[in-house]
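Please read the points below slowly, with the sequence and the model open beside them. They are ordered so that each one builds on those before it.

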Number of protein chains: 2
Amino acid sequence: MSERGEISVGNRPLGDYIVSAAILFNQGYRQVLIRGRGNNISKAVALYNALKERMGDALKLVDVRIGSNEVRGRIVSFIEILIERIY
Amino acid sequence: MSERGEISVGNRPLGDYIVSAAILFNQGYRQVLIRGRGNNISKAVALYNALKERMGDALKLVDVRIGSNEVRGRIVSFIEILIERIY
C-alpha cells in the first residue's frame with residue numbers, strides 16, 4: 001500500500017492517537033501524516049515523541065511543516081508531521 | 001554578524017516575543033532560533049506565523065526540528081524553528 005494514512009490530533013487523550021497510529025501502520029500504511037492545529041500542535045509533537053519512544057529506529061521522521069490557514073476569518077497555526085515506518 | 005539569536009517562548013504574551021524577534025533582527029542577527037517546550041510549542045508556531053505575516057518574503061523558514069528531552073525525570077517535547085531574515 002503506497003497511500004498515506006492521516007491522523008488529526010484533537011481533544012481526545014494522547015493514548016487514543018497512539019492507538020490510531022498503530023492501527024494505520026498495521027493496516028499497511030508506511031507513512032502517516034500527523035496534523036495538529038492551534039493548541040493541539042503541542043499534542044501532535046507529543047504524539048510523535050510517544051511513537052518514537054515506542055518504535056525507536058523503526059520510526060523515521062520524514063518531514064515537519066508549519067504554517068497557518070484562515071479558518072472562518074481567523075488565522076490558525078498548524079503543524080504537519082510526516083512519519084514513516086521502517087521495516 | 002554571523003551568530004544566531006535565540007528566543008525561548010514561555011508564558012508571556014505572543015506580542016512580547018514578536019518584539020524580541022524584531023530586536024534581534026535589528027541588532028543584526030540574520031538567523032533566530034525559536035524554541036518552545038511542552039504546551040508552548042503551539043505558541044512557538046504562532047510566533048513564526050505572526051512574524052511571517054508581518055515580514056512576508058523577507059522571512060525564510062530554514063528548518064523545523066521536533067523531539068523530546070528529559071527534564072527532571074520527565075519527558076518534555078520541544079520544537080526548534082530556525083528563521084532567517086532575507087535582505
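Predicted model: local features only at pLDDT ≥ 70, side-chain atom pairs only at ≥ 80, totals over all residues.

1. Helices (H or I, at least four residues) and strands (E, at least two) are DSSP runs, numbered from the N terminus.

2. Side-chain values use heavy atoms, with hydrogens and water left out, residues are numbered from 1 along each chain as its sequence is written, and chains are lettered from A and ligands numbered from 1 in the order in which they are written.

3. Helix 2 of chain A has 15 residues, and from its first C-alpha to its last it reaches 21 Å, close to the 21 Å expected at 1.5 Å a residue (the expected span is 1.5 Å times one less than the number of residues). Among its buried residues are A:I41, A:A44, A:V45 and A:Y48, where buried means under 20% relative accessible area, with exposed over 50% and partly exposed in between, for a 1.4 Å probe and protein chains only.

4. In chain B, four strands form an open sheet of mixed pairing, in the order 1-2-4-3; two strands pair if DSSP finds at least two bridges between them. The edge strands, each pairing on one side only, are strand 1 (4–9) and strand 3 (59–71) of chain B. Strands of a sheet pair through backbone hydrogen bonds, either parallel or antiparallel. Strand 1 and strand 2 (residues 31–37) of chain B pair in the parallel sense over six bridges, and B:V32 in strand 2 is the bridge partner of B:G5.

5. Which residues does A:I81 touch, leaving aside those up to four places away in sequence? They are A:V32, A:L33, A:I34, A:A44, A:V45, A:Y48, A:L61, A:D63 and B:I66, contact meaning heavy atoms within 4.5 Å.

6. Chain B can be laid on chain A by a turn of 180° and a shift of 0.0 Å along the axis, with an RMSD of 0.0 Å, the copies being superposed by least squares on the C-alpha atoms of residues with pLDDT of at least 70 in both. That is the relation of a two-fold axis. In chain B, the C-alpha nearest the axis belongs to B:S42, 2.7 Å from it. The same surface serves both copies, since 100% of the contact residues of chain B recur in chain A.
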